[in-house]
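I wanted to know how this protein is laid out and how it holds its ligand. My notes follow the order in which I looked things up.

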Amino acid sequence: MLIPQPAGALQVPARPSNQADAPAASHPIQLSLVLPTYQESQTLASVVRQLVALLDQALPQAYELIVVDDDSPDQTWALAAELTRQFPQLRVMRRQGERGLSSAVIRGWQVATGPVLGVMDADLQHPPQALLKLLGHVQAGADLAVASRHVEGGGVSEWSLARRFLSRGAQVLGLVLLPSVVGRVSDPMSGFFLVQRSAIAGPILAPAGYKILLEVIGRGNVEQIAEVGYVFQERAAGESKVTWRQYGAYLQHLLKLRFDGHRSRWNRLKSSRQLPLARLLRFGVVGLSGVFVDMAVLYLLSDPSTLAWGLTRSKVIAAGIAMINNFVWNDAWTFADVSSRQQGWSARLKRLLKFVAICSGGLFLNVLVLNLLFNQVFGGQGRYLANLIAIAVATLWNFWINLKLNWRVTQVPRDK
Ligand code: GDD
Ligand code: MN
(Lines give C-alpha, C1' and ligand atoms only; values in the text may rest on other atoms or scores of the structure.)
(Ligands and ions follow the chains in the order given, each with its own letter.)
Protein backbone atom coordinates (compact mmCIF):
# COMPACT_ATOMS: atom_id res chain seq x y z
CA MET A 1 0.00 0.00 0.00
CA LEU A 2 1.44 3.35 -1.02
CA ILE A 3 1.25 6.46 1.15
CA PRO A 4 -1.25 8.95 -0.22
CA GLN A 5 0.54 12.05 -1.45
CA PRO A 6 -0.09 15.14 0.71
CA ALA A 7 -1.24 18.28 -1.05
CA GLY A 8 -1.22 21.94 -0.09
CA ALA A 9 1.43 23.97 1.69
CA LEU A 10 4.77 22.45 2.59
CA GLN A 11 4.28 22.53 6.31
CA VAL A 12 5.23 19.97 8.94
CA PRO A 13 2.48 19.38 11.52
CA ALA A 14 3.36 19.76 15.19
CA ARG A 15 1.67 16.44 15.88
CA PRO A 16 1.75 13.53 13.50
CA SER A 17 -1.51 12.91 11.71
CA ASN A 18 -2.98 9.42 11.77
CA GLN A 19 -1.46 7.37 9.03
CA ALA A 20 -3.62 4.56 7.72
CA ASP A 21 -0.70 2.85 6.06
CA ALA A 22 1.73 3.14 8.96
CA PRO A 23 2.93 -0.15 10.35
CA ALA A 24 1.14 -1.10 13.55
CA ALA A 25 4.15 -0.77 15.79
CA SER A 26 4.29 -2.28 19.22
CA HIS A 27 6.46 0.63 20.29
CA PRO A 28 5.87 4.27 19.51
CA ILE A 29 7.93 5.44 16.56
CA GLN A 30 10.92 7.54 17.61
CA LEU A 31 12.62 8.18 14.30
CA SER A 32 11.21 8.86 10.83
CA LEU A 33 13.91 8.80 8.20
CA VAL A 34 13.06 10.03 4.71
CA LEU A 35 14.92 8.60 1.73
CA PRO A 36 14.22 10.79 -1.28
CA THR A 37 14.72 8.90 -4.52
CA TYR A 38 14.84 9.54 -8.20
CA GLN A 39 16.14 6.71 -10.34
CA GLU A 40 17.77 4.78 -7.50
CA SER A 41 16.58 1.25 -8.19
CA GLN A 42 20.18 0.04 -8.28
CA THR A 43 21.06 1.06 -4.75
CA LEU A 44 17.81 1.37 -2.81
CA ALA A 45 17.53 -2.24 -1.68
CA SER A 46 21.05 -2.19 -0.32
CA VAL A 47 20.51 1.09 1.57
CA VAL A 48 17.30 -0.17 3.11
CA ARG A 49 18.90 -3.43 4.12
CA GLN A 50 21.82 -1.69 5.80
CA LEU A 51 19.57 0.79 7.60
CA VAL A 52 17.26 -1.91 8.86
CA ALA A 53 20.20 -3.91 10.16
CA LEU A 54 21.45 -0.89 12.09
CA LEU A 55 18.15 0.42 13.35
CA ASP A 56 16.75 -2.97 14.36
CA GLN A 57 19.56 -2.94 16.89
CA ALA A 58 19.42 0.70 17.93
CA LEU A 59 15.67 1.33 17.87
CA PRO A 60 13.91 -2.01 17.62
CA GLN A 61 10.35 -1.53 16.31
CA ALA A 62 10.56 2.19 16.92
CA TYR A 63 11.56 3.66 13.57
CA GLU A 64 10.19 4.05 10.09
CA LEU A 65 11.86 4.55 6.72
CA ILE A 66 9.92 6.63 4.22
CA VAL A 67 10.87 6.47 0.56
CA VAL A 68 9.57 9.45 -1.39
CA ASP A 69 10.01 8.72 -5.05
CA ASP A 70 9.19 11.22 -7.77
CA ASP A 71 7.64 8.71 -10.12
CA SER A 72 11.02 7.55 -11.40
CA PRO A 73 10.99 6.11 -14.91
CA ASP A 74 13.03 3.19 -13.57
CA GLN A 75 10.16 2.51 -11.16
CA THR A 76 12.11 2.94 -7.97
CA TRP A 77 8.75 3.30 -6.21
CA ALA A 78 7.60 -0.11 -7.39
CA LEU A 79 10.78 -1.71 -6.17
CA ALA A 80 10.41 0.10 -2.85
CA ALA A 81 6.81 -1.09 -2.52
CA GLU A 82 8.07 -4.59 -3.18
CA LEU A 83 10.59 -4.22 -0.36
CA THR A 84 7.92 -3.29 2.18
CA ARG A 85 6.85 -6.94 2.29
CA GLN A 86 10.23 -7.91 3.60
CA PHE A 87 10.68 -4.75 5.67
CA PRO A 88 7.48 -3.66 7.40
CA GLN A 89 9.22 -0.54 8.74
CA LEU A 90 9.43 0.78 5.21
CA ARG A 91 6.75 3.06 3.76
CA VAL A 92 6.61 4.38 0.23
CA MET A 93 5.21 7.47 -1.43
CA ARG A 94 4.98 7.73 -5.19
CA ARG A 95 4.80 11.40 -5.95
CA GLN A 96 3.25 12.59 -9.16
CA GLY A 97 2.76 16.09 -10.46
CA GLU A 98 5.36 17.54 -8.09
CA ARG A 99 9.13 17.19 -8.26
CA GLY A 100 12.33 18.17 -6.57
CA LEU A 101 14.55 16.92 -3.77
CA SER A 102 13.68 19.45 -1.06
CA SER A 103 9.92 19.28 -1.46
CA ALA A 104 10.12 15.48 -1.56
CA VAL A 105 11.80 15.52 1.83
CA ILE A 106 9.14 17.77 3.33
CA ARG A 107 6.30 15.68 1.87
CA GLY A 108 7.92 12.73 3.58
CA TRP A 109 8.07 14.56 6.91
CA GLN A 110 4.42 15.49 6.55
CA VAL A 111 3.39 11.85 6.71
CA ALA A 112 6.01 10.91 9.30
CA THR A 113 4.80 9.64 12.65
CA GLY A 114 7.89 10.13 14.83
CA PRO A 115 9.15 13.04 16.96
CA VAL A 116 12.55 12.99 15.22
CA LEU A 117 12.66 13.57 11.47
CA GLY A 118 15.57 12.89 9.18
CA VAL A 119 16.84 12.69 5.66
CA MET A 120 19.52 10.65 3.96
CA ASP A 121 20.46 9.97 0.34
CA ALA A 122 19.44 6.62 -1.09
CA ASP A 123 22.51 6.17 -3.27
CA LEU A 124 24.95 4.93 -0.58
CA GLN A 125 26.98 8.14 -0.71
CA HIS A 126 25.95 8.75 2.88
CA PRO A 127 27.40 5.99 5.07
CA PRO A 128 24.57 4.50 7.18
CA GLN A 129 26.82 4.11 10.23
CA ALA A 130 26.91 7.87 10.73
CA LEU A 131 23.17 7.75 11.37
CA LEU A 132 23.63 6.20 14.79
CA LYS A 133 25.94 9.01 15.86
CA LEU A 134 23.41 11.57 14.66
CA LEU A 135 20.76 9.74 16.63
CA GLY A 136 22.91 9.84 19.74
CA HIS A 137 23.10 13.61 19.51
CA VAL A 138 19.38 14.22 19.11
CA GLN A 139 18.67 11.80 21.92
CA ALA A 140 21.10 13.82 24.04
CA GLY A 141 19.06 16.94 23.36
CA ALA A 142 20.29 18.51 20.11
CA ASP A 143 17.56 20.13 18.01
CA LEU A 144 19.50 19.34 14.88
CA ALA A 145 22.29 16.86 14.18
CA VAL A 146 24.09 17.30 10.87
CA ALA A 147 26.44 14.89 9.13
CA SER A 148 29.30 17.07 7.95
CA ARG A 149 32.14 16.67 5.49
CA HIS A 150 34.02 19.46 7.20
CA VAL A 151 34.57 18.45 10.81
CA GLU A 152 36.98 15.89 12.24
CA GLY A 153 36.38 12.54 10.66
CA GLY A 154 34.74 14.10 7.63
CA GLY A 155 35.78 14.48 4.02
CA VAL A 156 35.09 13.75 0.40
CA SER A 157 36.54 10.75 -1.33
CA GLU A 158 37.85 11.57 -4.78
CA TRP A 159 36.89 15.11 -5.51
CA SER A 160 38.99 17.18 -7.88
CA LEU A 161 40.40 20.49 -6.71
CA ALA A 162 37.94 22.26 -9.03
CA ARG A 163 34.97 20.53 -7.44
CA ARG A 164 36.17 21.31 -3.92
CA PHE A 165 36.63 24.92 -4.93
CA LEU A 166 33.15 25.14 -6.40
CA SER A 167 31.64 23.64 -3.28
CA ARG A 168 33.59 26.00 -1.01
CA GLY A 169 32.78 28.94 -3.26
CA ALA A 170 29.08 28.22 -2.79
CA GLN A 171 29.64 28.15 0.95
CA VAL A 172 31.50 31.49 0.92
CA LEU A 173 28.67 33.01 -1.08
CA GLY A 174 26.26 31.78 1.56
CA LEU A 175 28.44 33.13 4.38
CA VAL A 176 28.35 36.55 2.78
CA LEU A 177 24.67 36.63 1.81
CA LEU A 178 23.15 34.78 4.74
CA PRO A 179 25.70 34.52 7.55
CA SER A 180 23.19 33.92 10.34
CA VAL A 181 22.04 30.71 8.65
CA VAL A 182 24.98 29.42 6.64
CA GLY A 183 27.47 30.31 9.38
CA ARG A 184 25.86 28.04 11.91
CA VAL A 185 27.09 24.76 10.48
CA SER A 186 30.32 23.65 8.89
CA ASP A 187 28.55 21.87 6.02
CA PRO A 188 25.44 23.85 5.08
CA MET A 189 25.11 21.79 1.89
CA SER A 190 24.58 18.57 3.80
CA GLY A 191 21.59 16.47 2.82
CA PHE A 192 22.10 14.08 5.75
CA PHE A 193 20.70 15.18 9.12
CA LEU A 194 18.15 14.62 11.87
CA VAL A 195 15.94 17.32 13.32
CA GLN A 196 13.40 17.44 16.13
CA ARG A 197 9.90 17.76 14.78
CA SER A 198 9.25 20.51 17.33
CA ALA A 199 12.05 22.60 15.82
CA ILE A 200 10.68 22.55 12.29
CA ALA A 201 6.91 22.21 12.72
CA GLY A 202 4.79 25.23 11.96
CA PRO A 203 6.26 27.58 9.38
CA ILE A 204 5.38 27.17 5.74
CA LEU A 205 8.52 25.99 4.03
CA ALA A 206 9.51 27.17 0.59
CA PRO A 207 12.78 25.56 -0.39
CA ALA A 208 14.27 26.07 -3.81
CA GLY A 209 16.61 23.44 -5.20
CA TYR A 210 18.60 20.93 -3.20
CA LYS A 211 19.54 22.57 0.04
CA ILE A 212 16.83 21.57 2.45
CA LEU A 213 19.12 22.16 5.44
CA LEU A 214 19.16 25.92 4.76
CA GLU A 215 15.41 25.93 5.01
CA VAL A 216 15.46 24.03 8.29
CA ILE A 217 17.96 26.39 9.91
CA GLY A 218 16.54 29.50 8.28
CA ARG A 219 12.87 29.02 9.10
CA GLY A 220 12.92 26.53 11.92
CA ASN A 221 13.52 27.13 15.57
CA VAL A 222 16.83 25.41 15.88
CA GLU A 223 18.82 26.15 18.98
CA GLN A 224 21.34 23.43 19.71
CA ILE A 225 23.20 21.95 16.77
CA ALA A 226 25.54 18.95 16.76
CA GLU A 227 27.77 17.83 13.94
CA VAL A 228 29.13 14.41 13.02
CA GLY A 229 31.97 13.93 10.56
CA TYR A 230 31.42 11.58 7.62
CA VAL A 231 33.17 10.83 4.36
CA PHE A 232 31.04 11.47 1.31
CA GLN A 233 31.36 8.27 -0.68
CA GLU A 234 31.71 8.01 -4.42
CA ARG A 235 28.61 6.92 -6.25
CA ALA A 236 28.70 3.19 -6.91
CA ALA A 237 25.76 3.16 -9.33
CA GLY A 238 23.33 5.51 -11.00
CA GLU A 239 24.13 9.18 -11.37
CA SER A 240 23.85 12.49 -9.55
CA LYS A 241 20.88 14.66 -10.40
CA VAL A 242 22.75 17.86 -9.65
CA THR A 243 22.94 20.09 -12.70
CA TRP A 244 24.08 23.64 -13.25
CA ARG A 245 20.51 24.67 -12.60
CA GLN A 246 20.99 23.72 -8.96
CA TYR A 247 23.57 26.47 -8.55
CA GLY A 248 21.03 29.02 -9.69
CA ALA A 249 18.41 27.51 -7.40
CA TYR A 250 20.87 27.73 -4.52
CA LEU A 251 21.45 31.44 -5.07
CA GLN A 252 17.72 32.01 -5.39
CA HIS A 253 17.16 30.12 -2.15
CA LEU A 254 19.74 32.21 -0.29
CA LEU A 255 18.17 35.44 -1.48
CA LYS A 256 14.67 34.26 -0.69
CA LEU A 257 15.59 33.38 2.88
CA ARG A 258 17.47 36.66 3.16
CA PHE A 259 14.59 38.86 2.08
CA ASP A 260 11.62 36.87 3.29
CA GLY A 261 11.91 38.24 6.79
CA HIS A 262 10.63 34.82 7.81
CA ARG A 263 13.70 34.17 9.86
CA SER A 264 12.99 32.76 13.23
CA ARG A 265 13.30 34.81 16.36
CA TRP A 266 16.15 32.64 17.49
CA ASN A 267 18.22 33.35 14.42
CA ARG A 268 17.72 37.06 14.69
CA LEU A 269 18.78 36.94 18.30
CA LYS A 270 21.69 34.78 17.36
CA SER A 271 23.05 36.90 14.55
CA SER A 272 23.82 39.74 16.91
CA ARG A 273 26.04 37.34 18.79
CA GLN A 274 27.60 35.87 15.68
CA LEU A 275 30.78 37.92 15.70
CA PRO A 276 33.07 36.75 18.49
CA LEU A 277 34.38 40.17 19.44
CA ALA A 278 37.40 39.14 21.51
CA ARG A 279 38.62 37.01 18.65
CA LEU A 280 37.99 39.76 16.13
CA LEU A 281 40.00 42.14 18.30
CA ARG A 282 42.93 39.73 18.41
CA PHE A 283 42.66 39.34 14.64
CA GLY A 284 42.79 43.13 14.31
CA VAL A 285 45.84 43.44 16.55
CA VAL A 286 47.62 40.78 14.50
CA GLY A 287 46.68 42.65 11.33
CA LEU A 288 48.20 45.79 12.76
CA SER A 289 51.42 43.96 13.62
CA GLY A 290 51.52 42.95 9.94
CA VAL A 291 51.56 46.61 8.95
CA PHE A 292 54.71 47.14 10.99
CA VAL A 293 56.38 44.01 9.63
CA ASP A 294 55.54 45.14 6.09
CA MET A 295 56.97 48.59 6.76
CA ALA A 296 60.16 47.27 8.36
CA VAL A 297 60.89 44.80 5.58
CA LEU A 298 60.15 47.41 2.94
CA TYR A 299 62.64 49.68 4.64
CA LEU A 300 65.32 47.00 4.93
CA LEU A 301 65.03 45.98 1.30
CA SER A 302 64.27 49.12 -0.63
CA ASP A 303 65.67 52.06 1.31
CA PRO A 304 68.61 53.76 -0.44
CA SER A 305 70.54 53.60 2.85
CA THR A 306 70.10 49.82 3.12
CA LEU A 307 69.79 47.29 0.25
CA ALA A 308 68.19 49.73 -2.23
CA TRP A 309 66.30 46.99 -4.13
CA GLY A 310 63.50 47.86 -6.56
CA LEU A 311 60.28 49.01 -4.93
CA THR A 312 57.95 46.40 -6.42
CA ARG A 313 60.19 43.47 -5.67
CA SER A 314 60.68 44.74 -2.12
CA LYS A 315 57.00 45.28 -1.58
CA VAL A 316 56.03 41.81 -2.79
CA ILE A 317 58.52 40.27 -0.37
CA ALA A 318 57.42 42.61 2.44
CA ALA A 319 53.75 41.75 1.93
CA GLY A 320 54.56 38.05 1.77
CA ILE A 321 56.49 38.15 5.04
CA ALA A 322 53.75 40.22 6.67
CA MET A 323 51.21 37.62 5.62
CA ILE A 324 53.27 34.82 7.12
CA ASN A 325 53.69 36.91 10.27
CA ASN A 326 49.93 37.33 10.50
CA PHE A 327 49.33 33.66 9.92
CA VAL A 328 51.76 32.60 12.63
CA TRP A 329 50.20 34.90 15.23
CA ASN A 330 46.66 34.06 14.29
CA ASP A 331 47.44 30.37 14.45
CA ALA A 332 49.23 30.65 17.79
CA TRP A 333 47.04 33.28 19.43
CA THR A 334 43.79 34.38 17.74
CA PHE A 335 42.68 30.82 16.99
CA ALA A 336 44.95 28.95 19.40
CA ASP A 337 42.08 26.86 20.78
CA VAL A 338 41.29 25.53 17.32
CA SER A 339 44.80 24.97 16.01
CA SER A 340 45.80 23.10 19.15
CA ARG A 341 43.26 20.47 18.12
CA GLN A 342 44.68 20.19 14.62
CA GLN A 343 48.43 19.85 15.08
CA GLY A 344 51.11 18.66 12.70
CA TRP A 345 52.93 20.37 9.85
CA SER A 346 50.67 19.29 7.05
CA ALA A 347 47.59 20.60 8.86
CA ARG A 348 49.43 23.84 9.54
CA LEU A 349 50.54 24.18 5.93
CA LYS A 350 46.99 23.61 4.78
CA ARG A 351 45.80 26.39 7.08
CA LEU A 352 48.52 28.70 5.78
CA LEU A 353 47.51 28.08 2.16
CA LYS A 354 43.85 28.66 2.97
CA PHE A 355 44.77 31.81 4.85
CA VAL A 356 46.68 33.13 1.85
CA ALA A 357 43.81 32.28 -0.52
CA ILE A 358 41.22 33.93 1.71
CA CYS A 359 43.35 37.04 2.27
CA SER A 360 43.93 37.33 -1.46
CA GLY A 361 40.18 37.55 -1.82
CA GLY A 362 40.32 40.17 0.91
CA LEU A 363 42.90 42.18 -1.02
CA PHE A 364 40.70 42.09 -4.10
CA LEU A 365 37.76 43.29 -2.01
CA ASN A 366 39.95 45.99 -0.49
CA VAL A 367 40.86 47.43 -3.89
CA LEU A 368 37.29 47.09 -5.13
CA VAL A 369 35.71 48.89 -2.17
CA LEU A 370 38.36 51.64 -2.26
CA ASN A 371 37.65 52.29 -5.93
CA LEU A 372 33.89 52.16 -5.55
CA LEU A 373 33.86 54.56 -2.63
CA PHE A 374 36.45 56.96 -3.98
CA ASN A 375 35.17 57.14 -7.55
CA GLN A 376 31.43 56.48 -7.27
CA VAL A 377 30.39 57.52 -3.79
CA PHE A 378 32.78 60.25 -2.70
CA GLY A 379 33.17 61.70 -6.19
CA GLY A 380 36.94 61.61 -6.36
CA GLN A 381 37.58 62.87 -2.86
CA GLY A 382 38.45 61.53 0.57
CA ARG A 383 40.74 58.74 -0.49
CA TYR A 384 42.00 58.07 3.05
CA LEU A 385 38.57 57.75 4.55
CA ALA A 386 37.65 55.49 1.62
CA ASN A 387 40.75 53.44 2.27
CA LEU A 388 39.96 53.13 5.96
CA ILE A 389 36.50 51.78 5.17
CA ALA A 390 37.95 49.46 2.54
CA ILE A 391 40.42 48.10 5.06
CA ALA A 392 37.65 47.56 7.61
CA VAL A 393 35.53 45.66 5.06
CA ALA A 394 38.47 43.51 3.98
CA THR A 395 39.42 42.77 7.59
CA LEU A 396 35.88 41.66 8.38
CA TRP A 397 35.86 39.43 5.31
CA ASN A 398 39.25 37.94 6.18
CA PHE A 399 38.15 37.32 9.73
CA TRP A 400 34.73 35.84 9.00
CA ILE A 401 35.80 33.52 6.19
CA ASN A 402 38.86 32.36 8.09
CA LEU A 403 36.72 31.72 11.14
CA LYS A 404 34.20 29.65 9.23
CA LEU A 405 36.34 27.84 6.68
CA ASN A 406 39.86 27.76 8.05
CA TRP A 407 40.12 27.81 11.82
CA ARG A 408 36.77 26.20 12.11
CA VAL A 409 34.99 26.68 15.38
CA THR A 410 31.51 25.31 15.29
CA GLN A 411 29.37 26.46 18.19
CA VAL A 412 28.54 22.88 18.82
CA PRO A 413 29.89 19.81 20.51
CA ARG A 414 31.99 17.86 18.08
CA ASP A 415 31.64 14.19 17.55
CA LYS A 416 34.47 12.47 19.36
N1 GDD B 1 12.25 12.45 -4.72
C2 GDD B 1 13.32 13.01 -5.31
N3 GDD B 1 13.10 13.99 -6.25
N4 GDD B 1 14.55 12.61 -4.97
C5 GDD B 1 15.60 13.19 -5.60
C6 GDD B 1 15.47 14.20 -6.58
C7 GDD B 1 14.13 14.61 -6.90
O8 GDD B 1 13.93 15.49 -7.73
N9 GDD B 1 16.71 14.56 -6.98
C10 GDD B 1 17.58 13.79 -6.29
N11 GDD B 1 16.92 12.96 -5.46
C12 GDD B 1 17.50 11.98 -4.53
C13 GDD B 1 18.48 11.03 -5.17
O14 GDD B 1 17.83 9.89 -5.69
C15 GDD B 1 19.40 10.70 -3.99
O16 GDD B 1 18.84 9.68 -3.17
C17 GDD B 1 19.43 12.00 -3.22
O18 GDD B 1 18.23 12.70 -3.56
C19 GDD B 1 20.65 12.87 -3.53
O20 GDD B 1 20.68 13.17 -4.92
P21 GDD B 1 22.01 13.14 -5.78
O22 GDD B 1 21.65 13.55 -7.15
O23 GDD B 1 22.72 11.82 -5.60
O24 GDD B 1 22.81 14.32 -5.09
P25 GDD B 1 24.37 14.45 -4.89
O26 GDD B 1 25.00 13.17 -4.49
O27 GDD B 1 24.98 15.11 -6.06
O28 GDD B 1 24.36 15.49 -3.66
C29 GDD B 1 24.17 15.01 -2.36
O30 GDD B 1 25.19 15.46 -1.55
C31 GDD B 1 25.24 16.82 -1.36
C32 GDD B 1 26.43 17.16 -0.53
O33 GDD B 1 26.32 16.63 0.76
C34 GDD B 1 22.83 15.46 -1.77
O35 GDD B 1 22.62 14.87 -0.51
C36 GDD B 1 22.77 16.89 -1.56
O37 GDD B 1 21.57 17.21 -0.84
C38 GDD B 1 23.95 17.29 -0.75
O39 GDD B 1 23.95 18.66 -0.69
MN1 MN C 1 24.35 11.33 -4.54
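**Ground rules.** I am working from a predicted model, in which local features need pLDDT of at least 70 and side-chain atom pairs count only at pLDDT 80 or more, whereas totals for chains, interfaces and linings use all residues. Residues are numbered from 1 along each chain as its sequence is written, chains are lettered from A and ligands numbered from 1 in the order in which they are written, and side-chain values use heavy atoms, with hydrogens and water left out.

**Overall layout.** I looked up the secondary structure and found 15 helices and nine strands, taken as DSSP runs (H or I of at least four residues for helices, E of at least two for strands) and numbered from the N terminus. The C-alpha trace spans about 90 × 45 × 40 Å along its principal axes. Of the 416 residues, 49% count as buried, where buried means under 20% relative accessible area, exposed over 50% and partly exposed in between, with a 1.4 Å probe and protein chains only. Among contacts (heavy atoms within 4.5 Å) between residues at least 6 apart in sequence, 80% join residues at least 24 apart. The protein exposes about 19,900 Å², of which carbon and sulfur atoms supply 61%; such areas come from the Shrake-Rupley method with a 1.4 Å probe, and for residues only the protein chains shown count as cover.

**Ligand 1.** Which residues are closest to ligand 1? I found 26 residues around ligand 1, the closest being Glu40, Asp121, Met189, Lys211 and Lys241, with a residue counted if one of its heavy atoms lies within 4 Å. β1 (31-37) and α3 (101-110) each supply at least two residues of this shell. Checking distances to ligand oxygen atoms, I noted 2.8 Å to an N or O atom in the side chain of arginine 99, 3.0 Å to one in the side chain of tyrosine 210, and 3.5 Å to a backbone N or O atom of leucine 101. The protein covers 96% of the 740 Å² of accessible area that ligand 1 has on its own.

**Glutamine 110.** An α-helix has 3.6 residues a turn, so residues three or four places apart point the same way. Leaving aside neighbours within four places in sequence, glutamine 110 is in contact with Pro6, Ala9, Leu10, Gln11, Pro13, Ser17 and Gln19.

**Positive phi values.** Aspartate 71, in the loop between β2 (63-69) and α2 (76-86), has a phi near 55°, a positive value in a residue other than glycine, and is partly exposed at 27% relative accessible area. Alanine 308, in the loop between α11 (277-302) and α12 (311-334), has a positive phi of about 60° and is partly exposed at 45%.

**Helix α12.** I then listed the buried residues of α12, among them Ser314, Ala318, Phe327 and Thr334. The buried residues of α12 pack against α11, α13 (336-339) and α14 (345-377).

Conventions
Polar contact = N/O pair within 3.5 Å; in protein donor to acceptor, adjacent residues only side chain to side chain.
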